[in-house]
Amino acid sequence: MSDDKEKDEEKPVVAKTAADLQRLKLLKLMKNVDKPVILPERPKAKNTPSVPEFVRNVMGSSAGAGSGEFHVYRHLRRKEYARQKFIQEKAHKELLDEQYHHKLEENKRLAEEATAKKRAKRLKKKQRRNQKKRMKITKEDNAATNKNYSEKDSSDDQDEAAESNKANEGSDEKNVQASPGNASRSESE
């Protein structure tokens, strides 16, 4: 039985997915816990190559140059071209970074504008809904108040009508008493 386990462990396992590969690496690390793990450092950014020092008495590739001078010239030329290429690549990378950050800011601004627009729309809709509720409540209150007033008004009108009738009857009696026939009697007496 132990022979079967050893054979299974000795067989190489092929990782089919990235998750399998990561699992295998973790299992390998966990087999020997005491062994230190070496984490590689991040690659450092290249520094700008320095401007080459001025080399005097280099004749170049023209006629009259010695056999050794041409190689010195070629080396310096290659170094200068590499420096210029690095400067151009650095400028291009900075340009791409700047465009990327500008694009991020633009997307953020557009998202904020869209959010603000939607927020304003939501608030406006909410205000309209609240206003409709208030109007409905106000109408109901007005209807109830009008109903109460109409009941009061009808009872008040009846009261006023009764009072006015009483007042009219009282004034009629006064008028009867103050009639000219009665007035002569009151004067003679």
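This is a short chat about a predicted model of a protein.

Trainee: What should I know before I start reading?

Mentor: Residues are numbered from 1 along each chain as its sequence is written, and side-chain values use heavy atoms, with hydrogens and water left out. The model is predicted, with local features needing pLDDT of at least 70 and side-chain atom pairs counting only at pLDDT 80 or more, while totals for chains, interfaces and linings use all residues.

Trainee: How about the surface?

Mentor: The protein exposes about 18500 Å², and carbon and sulfur atoms supply 53% of that. Areas come from the Shrake-Rupley method with a 1.4 Å probe.

Trainee: Which residues make the nonpolar surface patch?

Mentor: Leu26, Leu29, Met30, Val33, Val37 and Leu39 make a patch of about 650 Å². Patch residues have over 30% relative accessible area and no salt bridge; nonpolar side chains (Val, Leu, Ile, Met, Phe, Trp, Tyr) are joined within 5 Å, like charges within 9 Å. Leu29 sits in helix α2 (residues 18-31) and is partly exposed, because its relative accessibility is 43%.

Trainee: Switching topic, how many salt bridges are there?

Mentor: The count is four, where a salt bridge is a side-chain nitrogen of Lys or Arg within 4 Å of a carboxyl oxygen of Asp or Glu. One of them joins Asp20 and Arg23, with the closest N and O atoms 3.6 Å apart.

Trainee: Where do Asp20 and Arg23 sit relative to each other?

Mentor: They are three residues apart in helix α2, so about one helical turn separates them. Asp20 is partly exposed at 24% relative accessibility, and Arg23 is partly exposed at 45%.

Trainee: What about Arg83 and Glu80, buried or exposed?

Mentor: Both Arg83 and Glu80 are buried. Their side chains form a salt bridge at 2.8 Å, N to O, and both lie in helix α3 (residues 67-177).

Trainee: Which residues form a network of salt bridges?

Mentor: Glu106, Arg109 and Glu113 do. Arg109 and Glu106 come within 2.4 Å, taking the closest N and O atoms.

Notes: Helices (H or I, at least four residues) and strands (E, at least two) are DSSP runs, numbered from the N terminus. Buried means under 20% relative accessible area, exposed over 50%, partly exposed in between (1.4 Å probe, protein chains only).
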